[in-house]
Amino acid sequence: MPRQEGLAASGDFFSRPADGTLCLRLAGNWPAGNLPLTFQAVAAEFAAAPTSRLLFETGNLEHWDSGLLTFLARLKKHCDEQGVTFDDANLPSGARRLLALAAAVPERKSAPGDQGKTPFLERLADHAIDAWKTVVEMLDFLGEATVACGRLLTGRVRFRPGDLLLIMQECGAQALPIVSLISLLVGLILAFVGAIQLSMFGAQIYVASLVGISVVRVMGAIMTGIIMAGRTGAAFAARLGTMQVNEEIDALVTLGISPMEFLVLPRILALAVMMPLLCLYADLMGILGGLFVGVFMLDLNVMEYVTMTKKAVRLQDFWIGLFHSGVFGVLVALAGCLRGMQCRRSASAVGDAATSAVVTGIVSIIVATAVITVVCNILGI
């Protein structure tokens, strides 16, 4: 674009009031796209004589916009690279504030679309580093939780008993409707599937055994754990993540209160206590669902169904189911609290933390079920 009319040569913009000092005169209009002076001309003046300080004369500056700011930002970067003092004292106050703001915000190195250009090995290394950091953070969190549990046994933890009771109410009594519905339907589904196959051999009475053993031993605990991972684990992550965003956890640390003891430990205790109780209730509802199918579809007698269930379900099945539920409760609480404490300081990060808590909780439940099943098989129980 053409230069502004009436402008003198580039040498008229410069003066040297002292040795090593370069004064740049900014006069007239400096609109974007039609600047009266180029950056190359300033760089050439820097090279013409030793320069240790750059200052400005803006007495006749009239109109300026983002074009001047871009020019000054580039000039400041050049001064920083050359070790020249950038003296902005004579610049307009608005220009100084905008330059300071631009310097405070870090430069974006690459756009999201450029990520695909990263070499494969570099991306692989980044994923490996991120995975290692995640493992370290998880171990650190588990270590802190273990220490907090140790302090609980010695009576040195600090949390409000009222908070513990409130959390137990939220993750226990308030979860009964959804646990009832899901457990009843799971019992119905198991009974339906078993009835179709067993009726072919005239062995429909064993539907009671199938439903009783599967629900009491593992299915009741698994379904309750998955429900609590989606309901309570996500709630834990969202609540702690919101506290991270609002800097409430930083305030606790400043006051000398351990977030692990004050926020995380009550949630672990609440779920560890309430999960076995919910599992017992889920077992009852699952057997009730199987009873409906046995009575109304297979024409079984109620007492006959109950007697067959009592014969099939052993006491050790009952204890194994309770052990499953206790482990699941601790895992769901740890997953929810871990993701909540790791939450970054943005609104979208809270949603990500809740989603991650659900995924982590369900995966932990499945892995724990596999491990416990293998151990029970080895022990012969």
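Colleague: Quick one. What does Glu247 count as in relative accessibility?
Modeller: Glu247 counts as partly exposed, because its relative accessibility is 47%. Buried means under 20% relative accessible area, exposed over 50%, and partly exposed in between (1.4 Å probe, protein chains only).

Colleague: What sort of model is this?
Modeller: This is a predicted model: local features need pLDDT of at least 70, side-chain atom pairs count only at pLDDT 80 or more, and totals for chains, interfaces and linings use all residues. Residues are numbered from 1 along each chain as its sequence is written, and side-chain values use heavy atoms, with hydrogens and water left out.

Colleague: Back to Glu247. Where is it found?
Modeller: In the loop between H7 and helix H8 (248-254). Helices (H or I, at least four residues) and strands (E, at least two) are DSSP runs, numbered from the N terminus.

Colleague: What about phi of Glu247?
Modeller: Positive, about 60°, and Glu247 is not a glycine. Most residues other than glycine have a negative phi.

Colleague: And Asp299, what is its phi?
Modeller: Near 60°, again a positive value in a residue other than glycine. Asp299 lies in the loop between H9 and helix H10 (302-312).

Colleague: Is Asp299 buried or exposed?
Modeller: Exposed, with a relative accessible area of 67%.

Colleague: New topic. What is the angle between H7 and H9?
Modeller: H7 (residues 207-245) and H9 (residues 259-296) pack at about 145°, with axes 7 Å apart. The axes are lines fitted to C-alpha atoms, for helices over the stretch in contact, and angles run from 0 to 180 degrees between N-to-C directions.

Colleague: Left-handed or right-handed for H7 and H9?
Modeller: Right-handed. A crossing is right-handed if the near helix is turned clockwise from the far one by less than a right angle, left-handed if anticlockwise. The contact of H7 with H9 has 15 nonpolar, seven polar and three charged residues. Ala, Val, Leu, Ile, Met, Phe, Trp, Tyr, Cys and Pro count as nonpolar, Asp, Glu, Lys and Arg as charged, and the others, Gly among them, as polar.

Colleague: Which residues of H4 and H11 meet?
Modeller: Met138, Phe141, Leu142 and Ala145 in H4 meet Leu334, Cys337, Leu338, Arg339 and Met341 in H11. That contact divides into eight nonpolar, no polar and one charged. Contact means heavy atoms within 4.5 Å. The axes of H4 (residues 120-153) and H11 (residues 315-341) come within 11 Å and cross at roughly 115°.

Colleague: Glu261 next. Is it buried or exposed?
Modeller: Buried, at a relative accessible area of 8%. Glu261 lies in helix H9.

Colleague: What does the side chain of Glu261 reach?
Modeller: The backbone nitrogen of Arg158, at 3.2 Å. Residues touched by Glu261, leaving aside those up to four places away in sequence, include Ala148, Arg151, Val157 and Phe159.

Colleague: Last topic, the overall shape. What radius of gyration does the protein have?
Modeller: 35 Å, whereas a compact globule of 381 residues would be near 21 Å. The radius is taken over C-alpha atoms, and the globule rule is 2.2 Å times the number of residues to the power 0.38. The C-alpha atoms fill a box of roughly 110 × 50 × 35 Å along the principal axes.

Colleague: How many helices and strands?
Modeller: 12 helices and six strands. Of the 381 residues, 39% count as buried.

How values were computed: Polar contact = N/O pair within 3.5 Å; in protein donor to acceptor, adjacent residues only side chain to side chain.
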